[in-house]
Amino acid sequence: MKSGICGTDISIVKGHLPTPLPIVPGHEFSGIVYGLGDKVDKDLFFKRVTCEINTNICGICYFCENGIPTNCIQRQALGIDVDGAFVQYIVVDDYLIHEIPDSLSFEHAALLEPLAAAVNTYELMPFTPSDNIVVIYGAGKMGQLIAQVTKQYSSLFKHKVGDPPMVVVVSRTDEKLAIAKKNGADLIINSKKEDPVAKIMEITNNIGADIVVECTGNPKIMDQVVKSTRTRGKIALKSTHGLPTPINITDIVVREIALYGTRCGPFEKAKLFLASDLINLDDLITKRVGLSNINQGLEDAEDSTNIKVIIDNQK
Ligand SMILES: [Zn+2]
Ligand SMILES: [Zn+2]
């Protein structure tokens with residue numbers, strides 16, 4: 001098994017995100033099927049797979065019947081509500097499994113879950129040809145993935161979104177900004193050195209960005225996020241830090257800004273991006289540790305220069 005450390009795992013370990021205790025975190029993973037329950041398709045044995053995170057789906061509640069089982073009323077998230085992936089072997093329900101092609105490494109497959117979450121930004125929030133400037137606050141794993149997905153979206157769905165928009169990435173870390181730039185961001189802003197709101201206003205003739213995505217994990221960022229958004233623009237929220245978040249509701253109401261919260265997304269669509277070689281995942285893996293060094297891995301994941309720490313669950 002290989003697994004990835006996510007900001008959510010850090011929030012759990014720090015006690016910011018309430019969970020049942022004790023709990024094994026970890027919800028981004030891949031591996032080989034090593035054993036099967038009695039009623040499971042025997043063909044799954046020894047298959048290379050990755051796994052969705054919403055388990056304990058009932059199939060009969062309002063949300064299940066309306067085609068959104070990921071919001072099932074009795075849903076439990078692996079590694080958040082029930083034990084997750086920072087183990088050598090994990091037992092999961094068969095309906096969560098996605099087979100992966102031999103061409104996809106286990107490390108990349110472990111990133112399919114966050115890539116699907118990045119893709120989901122544009123499943124729930126409309127993304128149209130008139131969205132010409134997209135600003136992404138945060139250049140961690142999610143910010144990097146959304147920046148790449150935003151830039152590449154029209155390669156797969158040009159009929160829906162037209163030409164790629166200008167993508168602006170805001171972060172406090174030059175190393176992360178350089179990676180965003182290398183992978184297609186048109187403009188990078190180091191918010192330690194430059195006021196991002198002033199810069200965004202400058203490049204948009206004081207209008208603001210059509211779409212602003214928040215994935216910093218920092219609850220104090222919302223003021224800048226709202227100020228960067230144009231009147232009647234859209235804000236996508238991706239952080240799950242579990243902390244109280246000050247936000248100027250009046251500005252949102254007066255300027256008629258729409259807020260969208262989105263999380264886990266469609267694995268099959270995420271696979272399309274990978275199959276078409278549209279997303280560079282290698283640049284995002286900045287550290288590897290064995291499971292026996294998980295605490296070191298969690299510390300590394302908090303280091304602002306690291307984007308993604310991958311765990312080898314067998315080491
Ligand atoms: Zn995650
Ligand atoms: Zn249900």
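Which helix is Ala275 found in? Ala275 is found in helix 10, one of the elements shown in the views below.

This is a predicted model, in which local features need pLDDT of at least 70 and side-chain atom pairs count only at pLDDT 80 or more, while totals for chains, interfaces and linings use all residues. Residues are numbered from 1 along each chain as its sequence is written, and side-chain values use heavy atoms, with hydrogens and water left out.

View 1. Helices (H or I, at least four residues) and strands (E, at least two) are DSSP runs, numbered from the N terminus. Ala275 is exposed, with a relative accessible area of 68%; buried means under 20% relative accessible area, exposed over 50%, and partly exposed in between (1.4 Å probe, protein chains only). The C-alpha atoms of Ala275 and Pro101 are separated by 9.3 Å, although these residues are 174 residues apart along the chain.

**View 2. Helix 4 against helix 10.** Helix 4 (residues 112–124) packs with helix 10 (residues 267–275) at an angle of about 105°, and their axes are 8 Å apart. Axes are lines fitted to C-alpha atoms, for helices over the stretch in contact, and angles run from 0 to 180 degrees between N-to-C directions. Helix 4 is therefore roughly perpendicular to helix 10 (angles under 35 degrees count as roughly parallel, over 145 as roughly antiparallel, 65 to 115 as roughly perpendicular and the rest as oblique). On the helix 4 side, the residues in contact (heavy atoms within 4.5 Å) include Leu112, Leu115 and Val119. Among those of helix 10 are Phe267, Lys271 and Phe273.

**View 3. Strand 14 and its partners.** In strand 14 (residues 308–312), 5 of 5 residues are buried. Lys308, Ile310 and Asp312 lie on one side and Val309 and Ile311 on the other. Strand 1 (residues 2–4) runs antiparallel to strand 14 and is joined to it by 3 bridges; two strands pair if DSSP finds at least two bridges between them. Gly4 has Ile310 as its bridge partner in strand 14. Strand 13 (residues 285–290) runs parallel to strand 14, with 5 bridges joining them. Here Ile285 has Lys308 as its bridge partner.

**View 4. Lys199 in helix 7.** Lys199 lies in helix 7 (residues 196–203). Lys199 is buried, with a relative accessible area of 18%. Leaving out residues up to four places away in sequence, Lys199 touches Leu187, Ile189 and Glu194.

Key. Chains are lettered from A and ligands numbered from 1 in the order in which they are written.
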